[in-house]
Amino acid sequence: MQKIPLTARGAQLLKEELAHLKSVVRPEVIAAIAEARSHGDLSENAEYEAAKERQAFIEGRIAECENKLSRAHVINPAEIHAEGKVVFGATVVLEDCDSEERFTYQIVGEDEADIKLGKISIGSPLARGMIGKEEGDIAEVTAPGGVREYEIIEVMYV
């Protein structure tokens, strides 16, 4: 069974989502199905069909969250001792070698990724290009427009 890397914050968010799905959303869906069922003929009841589809989606997401949590390898970036190397959980300040624009990203698990919050997936081309590099190294990233180069300015474990 393959482990799934998650930051401590990502694991907490997944646990919160699971609890919400089980304690709030699932009962709402069950109530919606009961309500739709009370309207009579189920063969032509669009409300009932929609509620059953929502139930299937919610049950699938619950199973997915439980599976991910059971396979989670939780990593606390503050406890990493990678001696300045870019690793999972690290926060990296980059500078685009062409435009000299600076970016700050944290490398996180797939479920945690949110570019607006500066969190990129470990599986993204940018993260893969940075892994194992140190401050001052150049990370080459193959993008749709060609190869881009980024200088690693700072590596933090926060």
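Tyr-150 counts as buried, at 13% relative accessibility (buried is under 20% relative accessible area, exposed over 50%, partly exposed in between, with a 1.4 Å probe and protein chains only). Tyr-150 belongs to a cluster with Phe-103 and Tyr-105, linked by ring pairs. The model is predicted, so local features need pLDDT of at least 70 and side-chain atom pairs count only at pLDDT 80 or more, while totals for chains, interfaces and linings use all residues. Residues are numbered from 1 along each chain as its sequence is written, and side-chain values use heavy atoms, with hydrogens and water left out.

**Aromatic cluster**

- A pair of aromatic rings is described by the distance of the centres and the angle of the planes.
- The structure holds two aromatic pairs (rings of Phe, Tyr and Trp, the last by its six-membered ring, pair with centres within 6.5 Å; planes under 30 degrees apart are stacked, over 60 edge-to-face, the rest tilted).
- Phe-103 and Tyr-105 are stacked, at 6.0 Å centre to centre and 10 degrees between the planes.
- Phe-103 and Tyr-150 form an edge-to-face pair, because their planes stand at 75 degrees, with the centres 6.4 Å apart.
- Phe-103 sits in strand E4 and Tyr-150 in strand E7 (residues 146-156), so this pair ties together parts 47 residues apart in sequence.
- Phe-103 is partly exposed at 22% relative accessibility, whereas Tyr-105 is buried at 14%.

**Sheet**

- Five strands form an open sheet in the order E5-E4-E3-E7-E6, with mixed pairing (strands, E, of at least two residues, and helices, H or I, of at least four, are DSSP runs numbered from the N terminus; two strands pair if DSSP finds at least two bridges between them).
- Strands E5 (119-121) and E6 (138-143) stand at the edges with a single partner strand each, so one side of each has no neighbour in the sheet.
- On average, neighbouring strands of this sheet are turned by 45 degrees against each other, direction ignored (axes are lines fitted to C-alpha atoms, for helices over the stretch in contact, and angles run from 0 to 180 degrees between N-to-C directions).
- E4 (residues 102-108) pairs with E5 in the parallel sense, over three bridges.
- Val-108 stands opposite Ser-121 in E5.

**Gln-106**

- Gln-106 lies in strand E4.
- Gln-106 is buried, with a relative accessible area of 11%.
- Beyond its neighbours within four places in sequence, Gln-106 is in contact with residues including Thr-7, Pro-77, Gly-118, Lys-119, Ile-120 and Val-158 (contact means heavy atoms within 4.5 Å).
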